[in-house]
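Take a look at the structure, then follow the points below.

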Amino acid sequence: MTQASEKRVAVVTGASRGIGRAIALRLARDGRHVVLVSRSAGPLSDLAQQIEAQHGPGSASFKAVDVGDPKEFGEAIEQVIAERGRLDILINNAGITKDGLVLRMSDEDWNAVLSTNLTSAFVGIRAAARAMMKGRFGRIVNISSTSGVVGNAGQANYAAAKAGLAGLSKTIARELGSKGITCNVIAPGFIETDMTANLPPQVKEGVLNLMAVKRLGTGDDIAAAVSYVTSDDAGFLTGQVICVDGGMTMC
Ligand code: NDP
């Protein structure tokens, strides 16, 4: 039987870049052992080495996994629990877009976005829940989007998946709350990452005009919210959809 590590263990999906990378660095700073997950081993290995080289309170390891493959992702979570003896924090952050107006949206693009952005969260939570119940502690954060809260033309698949995370999270919050497990959604607004890099300048300008704080967000803005929601102090916060969007939606 594996000796349980003393540090809280966090799995962060989509950790190879962007928001997930910022979350992983922040959770390591918070003293977590962070298991980095995405499909590409190279950037994960580099990030794990960077975290380890900081000799900070946290540490890191990685698993190259396609979260859109339920068997592969479920088994990866089980491996983490077997290897580290615990799993305390699960951040379902991996996500893709395949935008298009609904009349032209293919079944493939619908299904790809639903499986990567929504089904993966269900699979991860199901695989992690037993270990969290055993430890009588769990912090689950599902990274949604303001598109899932207010809708966005051209993103029927993405908005549906992201809105689905809210229903999933509220249900998990109710099912597992008595076991010390919280489940919340963080819905970022417009964050500067690869996902938004190719949007035309006029679209970025339009978004900027909608924001109270008049700047685009960074991965660190989202990571700061995740840090609090996953802290021991946040045990009374559950079933919430928290929009971290510079005051764009105020919902
Ligand atoms: P990026 O495109 O920069 O990064 C996406 C991450 O997800 C990468 O690490 C990628 O790694 C990983 N990923 C994608 N598909 C899979 C898969 N099938 N299996 C495992 N990992 C996968 O996106 P962001 O950092 O911008 O976005 C992160 C999350 O935040 C997403 O859920 C996104 O929807 C959400 N979000 C982003 C906003 C923004 O403005 N940027 C706004 C609102 C929400 P790899 O390719 O190596 O597998």
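**Overall shape**

This chain has 251 residues, for which a compact globule would have a radius of gyration near 18 Å, and its 17 Å agrees with that (taken over C-alpha atoms; the globule rule is 2.2 Å times the number of residues to the power 0.38). The model is predicted, so to speak of local features we need pLDDT of at least 70, and side-chain atom pairs count only at pLDDT 80 or more, while totals for chains, interfaces and linings use all residues. Residues are numbered from 1 along each chain as its sequence is written, and side-chain values use heavy atoms, with hydrogens and water left out.

**The fold**

- The protein chain contains nine helices and seven strands (DSSP runs numbered from the N terminus: helices are H or I with at least four residues, strands are E with at least two).
- Its C-alpha trace spans about 55 × 35 × 35 Å along the principal axes.

**Around the ligand**

- Arg39, Ser40, Asn93, Tyr158 and Thr193 come nearest among the 31 residues around the ligand (a heavy atom within 4 Å).
- This shell divides into twelve nonpolar, 14 polar and five charged residues.
- Helix H7 gives the most to the shell, with three residues.

**Polar contacts** (pairs of N or O atoms within 3.5 Å)

- A polar side-chain atom of Asp66 lies 2.7 Å from a ligand nitrogen atom.
- Ile191 has a backbone N or O atom 2.8 Å from a ligand oxygen atom.
- For Gly189, a polar backbone atom is 3.4 Å from an oxygen atom of the ligand.

Notes
A polar contact is a pair of N or O atoms within 3.5 Å; within protein, one must be able to donate a hydrogen and the other to accept it, and residues adjacent in sequence count only if both atoms are side-chain atoms. Ala, Val, Leu, Ile, Met, Phe, Trp, Tyr, Cys and Pro count as nonpolar, Asp, Glu, Lys and Arg as charged, and the others, Gly among them, as polar.
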